Each structure stands twice: as structure tokens, then as C-alpha cells.
Amino acid sequence: PGVIFENEQFHMLVQTEYMNLGGTIEYLVSNDGKAYERVGTALHSISGTDEAALYDPHPAIINGKKYITYSGSNFISVNEGEDASKEWAPHTGRPDIYLAKSESGSWQGPWKRVGKILAHSEVPHHNQFGHPQYEWGLEGSQLIQMPDGTILMNVVCFLPHGEFSTRQRVFFAFADKVEGPYHTIGTVLQPTAEGWESGENGHAAGLLLGDELSLFYQARAPGKAPNIG
């Protein structure tokens, strides 16, 4: 889930499915940050499009307007011929980053899809389609407006080389407008030589207080369960 605090309430967006058809992004609220109540559905997946699966939503306020950034991917048929439409699977691990904007100015929406704002091909340090060691797509995105108005995207990539389960990385990209284009400055957290941060890191949440940015993130040693830093 992604959470933002505004007007004395916590606003949460959370997926119902990970890489399955028919998933939604749900909107919930809380007065204390502990007990949440569902308000409604923010977004539905759209079969047959690049948003047939959607997940990792995160709310953002940019120039006073409300947005959701999230990962979306298509599905492919796993059968051929007459049975081609009967069984479908996610276009394995190939999500790009998408954006939706509230048309009402409320977290209840309705939400207008803006479209794809960051693709594989725009991230040179990310593994690309067709690579023999392709692992996964772009995910875990968050948008933060910096004090000078620049838009920071905090997001996850997977490096094109190295052992599997050691290539996930947090990276930053910047844009002048929320719709992009976004320009990456590369990965921002490097693994340690040993210990729980020695394998990979990702799925960070940034908190901007004044001119200081704090980053909370997930990391793990190779073959281990994640820890939070």
C-alpha cells in the first residue's frame, strides 16, 4: 500500500491483485493510521491493455493536485489456436510506470488515466526486454515534489547483470512536469559488502521535511527475507 497524510487523515491506496486479471486499486482512510475503512475503488484493471494488471499504487500531491502512480503490465496467451483465449498469464514481470489524476480534487476521484510516464527503454541501468537475464520490470514508484518544484520519482529497477535476487535497486528520476519526461540519475543505494543489505534494495518510501529527504526502504541479503532500513 501507499499512504499519504492530509487534512488530519491518512489516505491509503492498495492493490487487490498482484499480477492477475480483474485487480483493482482500493481507497481507504484512517483517522489514527491504524484502523482503515474502505471508501471505494480508485482504479480497475483493463483487460487487453497495458494496464491489464496493476499494482504498487502510491498517492501524491503535486502542485496542489492529487495523483496516483502505479505499475501496469499486459497479459499474454499461454495457449495457441482455439484455446488461446481460455488461459492467460501476465507478461511476466514487465510492468512500466503509469499515472492517474483526480478529476475532482478529492482522493475519492474519479480518476483519469494520464498514461505511461516511465518505460523500460527510458532507464539505461534497467534490464531490457529480450535480455537473456531479464528479471523484472519497473515498480514501487512514488512521486515527491521538491522545494524548487521539481518532481522526484522514487522507483525500483533491476540491473541488467549479476545474480538473480541481487539486482533490485532503488533509483531516482526527475522531471519538470508530473507527466514527464523523467530523467534518471541512477541508483541511490548500493549494497554493503556483507549483512542484510548485501543483496538488493527496493520499494522505498520518501518523506520530505523542509529540505531534508528521508528514505525508508526494503533490503535483503542474497537468499534471505527482506529487512526494512
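Thr166 sits in the loop that links E12 and E13, where strands (E) are DSSP runs of at least two residues and helices (H or I) are runs of at least four, numbered from the N terminus. Despite its loop position, Thr166 is buried, at a relative accessible area of 18%; buried means under 20%, exposed over 50%, and partly exposed anything in between, with a 1.4 Å probe and protein chains only. Leaving out residues up to four places away in sequence, Thr166 touches Gly199, Glu200 and Pro222, a contact being heavy atoms within 4.5 Å.

A word on the model itself. It is predicted, so local features need pLDDT of at least 70 and side-chain atom pairs count only at pLDDT 80 or more, while totals for chains, interfaces and linings use all residues. Numbering starts from 1 along each chain as its sequence is written, and side-chain values use heavy atoms, with hydrogens and water left out.

Another loop residue makes a handy contrast. Ala225 lies between strand E16 (212–220) and strand E17 (227–228) and is exposed, with a relative accessible area of 57%. Apart from neighbours within four places in sequence, Ala225 is in contact with Ala219 and Arg220. Its C-alpha atom is 24 Å from that of Asn20, which is 205 residues away along the chain.

As for the chain overall, it has 17 strands and zero helices. Its radius of gyration is 18 Å, close to the 17 Å that the globule rule gives for 229 residues, so the chain is as compact as a globular protein of that length. That radius is taken over C-alpha atoms, and the rule is 2.2 Å times the number of residues to the power 0.38. The C-alpha trace spans about 50 × 50 × 35 Å along its principal axes. Of the 229 residues, 47% are buried.

Where do the nonpolar side chains gather? The largest nonpolar core has 19 residues, and Leu118, Leu143, Met153, Phe171 and Tyr182 have the most contacts inside it. Such a core is a set of buried Ala, Val, Leu, Ile, Met, Phe, Trp, Tyr and Cys residues joined through side-chain atoms within 4.5 Å. Two or more residues each come from strands E5 (53–62), E9 (96–102), E10 (111–118), E12 (151–158) and E13 (168–175). E12 gives the most, with four. A second, separate core has 14 residues, among them Leu13, Val29, Ala42 and Tyr98.

Now to the sheets. Four strands make an open sheet in the order E5-E6-E9-E10, with antiparallel pairing; two strands pair if DSSP finds at least two bridges between them. E5 and E10 stand at the edges with a single partner strand each, so one side of each has no neighbour in the sheet. From one strand to the next the twist averages 25°, with axes fitted as lines to C-alpha atoms and angles running from 0 to 180 degrees between N-to-C directions. Within this sheet, E6 (residues 65–73) and E9 run antiparallel and are joined by six bridges, and Ile68 stands opposite Ala100 in E9.

Val3 stands opposite Met12 in E2. The two strands form a hairpin with two residues between them, and Asn7 in the turn has a positive phi of about 55°. E2 also pairs with E3 (residues 24–30), antiparallel over six bridges; here Leu13 stands opposite Tyr27.
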